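Welcome! Take a look at the sequence and the 3D view below, then work through the exercises one at a time.

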Amino acid sequence: MTPRTPYVVVGAGAAGLTCAMRLAEAGRPVVVIEREAAIGGLLRSFVLDGVVFDLGPHVLFLDQPGPGEAFLREALAGHPVIRRPFAFAIAAGSRMWRFPNHFDFLRYPLRYKLEILGAALKRRGAPPPEPITAALELSEKSGPSLYGLLFADLFAKKALLPPEALHHHWLARADRTIDNRLEPFARRGKAAAVLGAISRLRQRYTYPAGGLGDLPELLAARIRRAGGEILTNARDIVLDRRGARIDSIRVNGRDIPVRHLVWTAPLNALNAALGAAVPALPTVTMRLVMLTYARAKRQPRPYVYTYHPDPALAANRVYYPESIFRELGPVDREGLCLESNVATGDGALPDEAQTLARAVADVERLGLYPAAALRESRVVTLPAAMPVYPLDYAARLEAAAAPVRGLANAHAVGRQGGFYFCLTPAAVHQGLKMAVHLLERDSASRHP
């Protein structure tokens with residue numbers, strides 16, 4: 001190993017690009033390896049029929065003081081962005097339930113209001129023993145009636161697992177270390193909790209004006225300016241392991257020596273590459289259907305997305321680019337993106353034509369557009385897009401993380417590498433933590 005032996009980052013999503021950028025700008029040689037033709041992971045955008053669609057979380061929440069938020073604000077500084085108040089809704093019981101609910105709570109039926117107030121005023125004793133289910137967590141906070149109406153079927157559709165079998169950490173998105181263990185829980189006082197709740201009621205989002213795909217391109221440009229290399233279409237990856245180290249990585253026939261390996265692709269894929277005989281972690285394959293419809297005039301879209309717990313609908317969420325772009329988008333057409341979670345692990349996928357037909361039928365059933373108004377469509381399948389936490393997930397993750405922990409120069413972090421269900425700022429924070437750890441570690445080894 002020489003001073004120019006590269007740090008190799010596998011996966012060009014939020015965590016991988018953040019880590020690579022920090023390393024490259026600190027003067028370290030970096031090679032980023034991405035399986036897809038385009039970088040970004042879930043932060044990818046494309047234009048269909050003049051409408052900008054995103055594959056991932058759709059908006060960024062950057063007004064909080066966290067390290068990931070601060071990094072993203074700095075990365076987007078000087079880049080045109082759209083800023084608007086955030087709102088989404090759950091469609092159930094013949095109405096839209098708005099969140100953050102602002103004054104919508106005052107219009108709730110009395111039974112729901114009483115249950116929510118009762119839950120808020122309930123004196124908390126010792127927490128129940130782990131594992132705590134998502135069903136218990138949600139019903140304790142919302143009351144049993146609202147839980148049954150809004151959340152029970154919705155989370156079953158999203159996780160492909162009943163909430164009674166889903167760990168509450170999946171909802172809480174508890175922070176992780178670079179070794180895939182829970183970060184110590186930081187308790188907040190009552191005043192801080194109240195202020196945090198109030199700030200979320202007035203939450204605004206940030207959205208790059210060209211789509212979320214602008215962000216990875218900005219990070220990639222900085223990586224390249226700092227001398228880093230990004231390889232895409234990396235379909236054949238082989239790890240050369242020597243004892244407790246990864247000595248090199250072979251990508252499409254090219255051998256790249258490895259100083260440190262940062263793996264942000266799925267952890268299951270890393271264990272397969274290492275030949276580790278550990279059970280696979282449960283993930284969900286997501287299928288997105290992008291549709292454009294002809295219209296005579298603009299339709300107001302007050303929500304970035306709406307959730308649909310109704311089991312009769314294939315989609316669990318409808319995303320509305322119109323809610324973000326508004327007058328900046330085309331006048332004579334509107335884009336809708338329907339999200340369905342269609343399989344767990346390596347389970348069989350429905351035919352894309354079948355998924356498309358069900359999405360068009362869902363749009364018509366929701367009263368958004370008739371099928372005759374459809375202009376163009378595209379179906380995108382995202383394998384292992386979402387980690388799922390069954391009640392024994394901690395033990396499963398411990399077993400799945402053991403092979404990489406046994407290596408002296410490798411880590412697996414991020415949404416997929418760390419089996420960490422999180423938003424973009426938290427994924428970015430994972431990349432930052434990883435870069436800081438490696439820089440400090442190598443500095444200590446040079447200056448004992």
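**Exercise 1.** Are α1 and α8 roughly parallel or roughly perpendicular to each other?

Before the solution, two notes. The model is predicted, with local features needing pLDDT of at least 70 and side-chain atom pairs counting only at pLDDT 80 or more, while totals for chains, interfaces and linings use all residues. Residues are numbered from 1 along each chain as its sequence is written, and side-chain values use heavy atoms, leaving out hydrogens and water.

*Step 1.* Find the two helices: α1 covers residues 14-25 and α8 covers residues 214-225. Helices here are DSSP runs (H or I, at least four residues) and strands are runs of E (at least two), numbered from the N terminus.

*Step 2.* Read the geometry: the angle is about 25° and the axes are 9 Å apart. An axis is a line fitted to C-alpha atoms, for helices over the stretch in contact, and angles run from 0 to 180 degrees between N-to-C directions.

*Step 3.* Apply the cut-offs: under 35 degrees is roughly parallel, over 145 roughly antiparallel, 65 to 115 roughly perpendicular, and the rest oblique. α1 and α8 are therefore roughly parallel to each other.

*Step 4.* Look at who touches whom, where contact means heavy atoms within 4.5 Å. From α1 come L17, T18, A20, M21, A24 and E25, and they meet P216, L219, R222 and I223 of α8. Sorted by class, the residues of this contact are 7 nonpolar, 1 polar and 2 charged. The classes are nonpolar (Ala, Val, Leu, Ile, Met, Phe, Trp, Tyr, Cys and Pro), charged (Asp, Glu, Lys and Arg) and polar (the others, Gly among them).

**Exercise 2.** Which residues of α4 and α5 meet?

*Step 1.* Locate α4 at residues 134-142 and α5 at residues 144-159; their axes come within 8 Å and cross at roughly 145°.

*Step 2.* On the α4 side you will find A135, L138, S139 and S142, and on the α5 side P144, L146, Y147, F151 and F155.

*Step 3.* The class count for α4 with α5 is 7 nonpolar, 2 polar and no charged residues.

**Exercise 3.** Why is the pair of F88 and Y305 called tilted?

*Step 1.* Start with the rule: rings of Phe, Tyr and Trp (its six-membered ring) pair if their centres lie within 6.5 Å, with planes under 30 degrees apart counting as stacked, over 60 as edge-to-face and the rest as tilted. This rule gives 18 aromatic pairs.

*Step 2.* The ring centres of F88 and Y305 are 5.9 Å apart and the planes stand at 35°, so the pair is tilted.

*Step 3.* F88 belongs to strand β6 (residues 88-92) and Y305 to strand β15 (residues 305-307), so the pair ties together parts 217 residues apart in sequence.

*Step 4.* Both residues, F88 and Y305, are buried; buried means under 20% relative accessible area, exposed over 50%, and partly exposed in between (1.4 Å probe, protein chains only).

*Step 5.* Compare Y389 and Y393, a stacked pair with 4.3 Å from centre to centre and 5° between the planes.

*Step 6.* Finally, ring pairs join F61, F86, F88, F99, Y305 and Y307 into a cluster.

**Exercise 4.** Is S94 buried or exposed?

*Step 1.* Find S94 in the loop between β6 and β7.

*Step 2.* Its relative accessibility is 84%, so S94 counts as exposed.

*Step 3.* Check the backbone: phi of S94 is positive, about 65°, although S94 is not a glycine. Most residues other than glycine have a negative phi, and most peptide bonds are trans.

*Step 4.* H58 also has a positive phi, near 80°, but at 2% relative accessibility H58 counts as buried.

**Exercise 5.** Which peptide bond has omega near -15°?

*Step 1.* The bond from F99 to P100 has this omega and is cis. P100 sits in the loop between β7 (95-99) and α3 (110-121).

*Step 2.* Another cis bond joins E130 and P131, with omega about 0°. P131 is placed in the loop between α3 and α4.
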